[in-house]
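User: Could you walk me through how the helices pack in this one? I'd like the criteria spelled out as we go.

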Amino acid sequence: MRPFAADARVALAWQAQSLLLAYPDERLPERLTLARRVAATQPEAVAGPLRVFAEQAERTPPHDLAADYVATFDHRRRCCPYLTYYAHGDTRKRGIALLRLKQTYAAASWRLGEDELPDHLAVVLEFAAAEPAVGARLLTDHRAGLELLRLALRDAGSPWAHVLTSVSATLPALGGDEHAAIGRLAAQGPPEEQVGLAPYTPASFMPDPAGGPR
């Protein structure tokens, strides 16, 4: 996919989407308010899904929404929010991909939290909002994984599918190569070699492989 220029409006959308993909704690109401404000600045393809998510989240009891988040992102392999997992599984190559992401963040003087893996979609979106040019490249590099996650969330009837739909709408239309990559990943799944991540991150932060609260 060709690089694209991400403007300030796209960066604002990425920031809101990042916050909505965080664990729905007591700060969720203010995040939903921000999402609605951001939606008012966006084209409908980006804004509409944000509003739908906000409406669904507000109708759901907080405890139920939090439990749904954990059940979706922690316990459903197909709904893994860690983008490098789709291409590399839990293999040595994924460990290298994680290291490269961390180096990319460091080169931009962007510090990662101690409890964060660099390929969590919320983290990538937060970085992209701060560094749109580099962030746009990271998101397009992982477009196949993004689309697989979006489809898995949609098939599961998850409200977070709307957030992924909004993310996809900020990116260029899929080309033939991306469609082929998505098809291959969907058919084959990620590699299954269970090595390579332990030296990179403590065991308590290893995905299961689906992940946990951002």
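Analyst: Axes here are lines fitted to C-alpha atoms, for helices over the stretch in contact, with angles running from 0 to 180 degrees between N-to-C directions. Helices are DSSP runs (H or I, at least four residues), numbered from the N terminus. The model is a predicted one, in which local features need pLDDT of at least 70 and side-chain atom pairs count only at pLDDT 80 or more, while totals for chains, interfaces and linings use all residues. Residues are numbered from 1 along each chain as its sequence is written, and side-chain values use heavy atoms, with hydrogens and water left out.

User: OK, what about α1 with α2, what angle do they pack at?

Analyst: Helix α1 (residues 8-20) and helix α2 (residues 28-39) pack at about 155°, with axes 9 Å apart, which makes α1 roughly antiparallel to α2. Their contact has nine nonpolar, no polar and one charged residues.

User: Switching to the core, which residues touch the most other members?

Analyst: In the largest nonpolar core, which has 50 residues, they are W14, L21, Y105, L121, L139 and W160. Such a core is a set of buried Ala, Val, Leu, Ile, Met, Phe, Trp, Tyr and Cys residues joined through side-chain atoms within 4.5 Å, buried meaning under 20% relative accessible area with a 1.4 Å probe, protein chains only.

User: What does L139 touch?

Analyst: Leaving aside neighbours within four places in sequence, L139 is in contact with W14, L121, V124, L125, A128, L146 and L171.

User: Last one: how many residues of α10 are buried?

Analyst: Seven of the 10 residues of helix α10 (residues 160-169) are buried, so α10 is largely enclosed by the rest of the structure. The buried ones are W160, A161, V163, L164, S166, V167 and S168, and what covers them includes α1, α3 (44-59), α4 (62-73), α7 and α9 (143-155).

Definitions and conventions:
Helix = DSSP H or I, 4+ residues; strand = E, 2+ residues; numbered from the N terminus. Parallel < 35°, antiparallel > 145°, perpendicular 65-115°, else oblique. Nonpolar A, V, L, I, M, F, W, Y, C, P; charged D, E, K, R; others polar. Contact = heavy atoms within 4.5 Å.
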